[in-house]
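Subject: Structure handover

Hello,

Here is the structure you were waiting for. Please open it first, then read my notes below.

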Amino acid sequence: MLDDQWFSEALASDGSAFSLKIKRKLHEEQSEFQFLEIYETEHFGNLMVIDGCTMVSTRDNFLYHEMMSHTVLFTHPNPKNVLIIGGGDCGTLREVLKHPGVERAVQIDIDERVTRLAEIYFPELCESNNDPRADLKFIDGIKWVKDAAPNSIDIIIIDSTDPVGPAEGLFCADFYRDCFKALTENGIVVQQSESPLLHMKILSEMRGEMQAAGFDHHQTVFFPQCIYPSGWWSATMASKNPFAAFREQDAASKTFDTVYYNSDIHKASLAMPEFFKKAFAK
Ligand code: SAM
């Protein structure tokens, strides 16, 4: 939805919409997989939209990219090999590579055009793309994980679009079984798990599919994300064995900058709302 001064993403199912005042449209194209738009906004910098859904803005992407990466990385005892499925704007990759212990970060996005547009309109998110530890591939993440070497990955970050179109299969037990096989014994998968306010059905189904794939341990973290529906977002971690203790001291003494994430935010993001506790009480 768009009038001449606003970009709006309407969520008919919830009778809500989110709008940003725009200066102009910078680009649009139909890629092999999705319809991509870039806007220059009045107060949020550039905005990327995929198939009508807000993806990333210059102003607030730090919330999502930091919480999708540092929370899981400081939960793992010693992450070296990281896989990002999706993440084509490269913001998550940049955060992952801030961790000096990470030896390899493979990013698998199905749509190369997302990354090529990010290089033009969000160059700050792409500043680590040439890090020697980074490996960007443009194929279906579902296929790549199916062929991944067993017991080879410490952390899988699923930074995908919503469970529709090419991303639909990234929320299913079959895919999670392949993640299970590719992960090491203390490996962790984390996936953007939509809005706790608007999408509890998706979140619940996702956790059920993870359980069906053999992941017995789950932890959802909560954080604000202004440009996504409701402004309240989540990411869900899952592991084969009980999560290791949060490396609080390492997080508190981190050597890299963040805007939102710190050890206090990490601990706070683990606190479960009452309705959530009730929904997932074992
Ligand atoms: N932060 C955003 C969100 O929560 O909606 C996601 C950002 S990122 C732009 C989402 C990426 O997922 C897109 O670049 C899209 O191409 C990618 N994607 C969707 N389905 C995929 C698949 N099956 N394999 C790999 N990447 C996929």
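Start with one pair. Glu 29 forms a salt bridge with Arg 113. Their closest N and O atoms are 2.7 Å apart. Keep in mind that this is a predicted model.

Now the layout. The protein splits into domain 1, residues 6-57, and domain 2, residues 61-273. The contact draws 23 residues from domain 1 and 21 residues from domain 2. Taken over C-alpha atoms, the two domain centres lie 23 Å apart.

Next, the polar side of the interface. The count of salt bridges between domain 1 and domain 2 is 1. Polar contacts across this interface come to 7 residue pairs, with both residues at pLDDT 80 or more.

Which strands supply the side of domain 1 that touches domain 2? Strand 2 (6-11), strand 3 (16-30), strand 4 (35-41), strand 5 (46-50) and strand 6 (53-57) each give at least two residues to that side. By type, the residues on this side of domain 1 are 14 nonpolar, 6 polar and 3 charged.

Last, the area. Interface size is often quoted as the accessible area lost when the parts come together. Here domain 1 and domain 2 bury about 2000 Å² between them. Carbon and sulfur atoms account for 68% of that. On the domain 1 side, look at Phe 33, Met 55 and Val 56. They supply 24% of the area that domain 1 buries against domain 2. That is more than any other three residues supply.

Best wishes

Conventions. Residues are numbered from 1 along each chain as its sequence is written. This is a predicted model: local features need pLDDT of at least 70, side-chain atom pairs count only at pLDDT 80 or more; totals for chains, interfaces and linings use all residues. Side-chain values use heavy atoms; hydrogens and water are left out. Domain bounds come from an automatic or database domain assignment. Contact means heavy atoms within 4.5 Å. Buried area is the accessible area (1.4 Å probe) that two parts lose on being put together, summed over both. A salt bridge is a side-chain nitrogen of Lys or Arg within 4 Å of a carboxyl oxygen of Asp or Glu. A polar contact is a pair of N or O atoms within 3.5 Å; within protein, one must be able to donate a hydrogen and the other to accept it, and residues adjacent in sequence count only if both atoms are side-chain atoms. Helices (H or I, at least four residues) and strands (E, at least two) are DSSP runs, numbered from the N terminus. Ala, Val, Leu, Ile, Met, Phe, Trp, Tyr, Cys and Pro count as nonpolar, Asp, Glu, Lys and Arg as charged, and the others, Gly among them, as polar.
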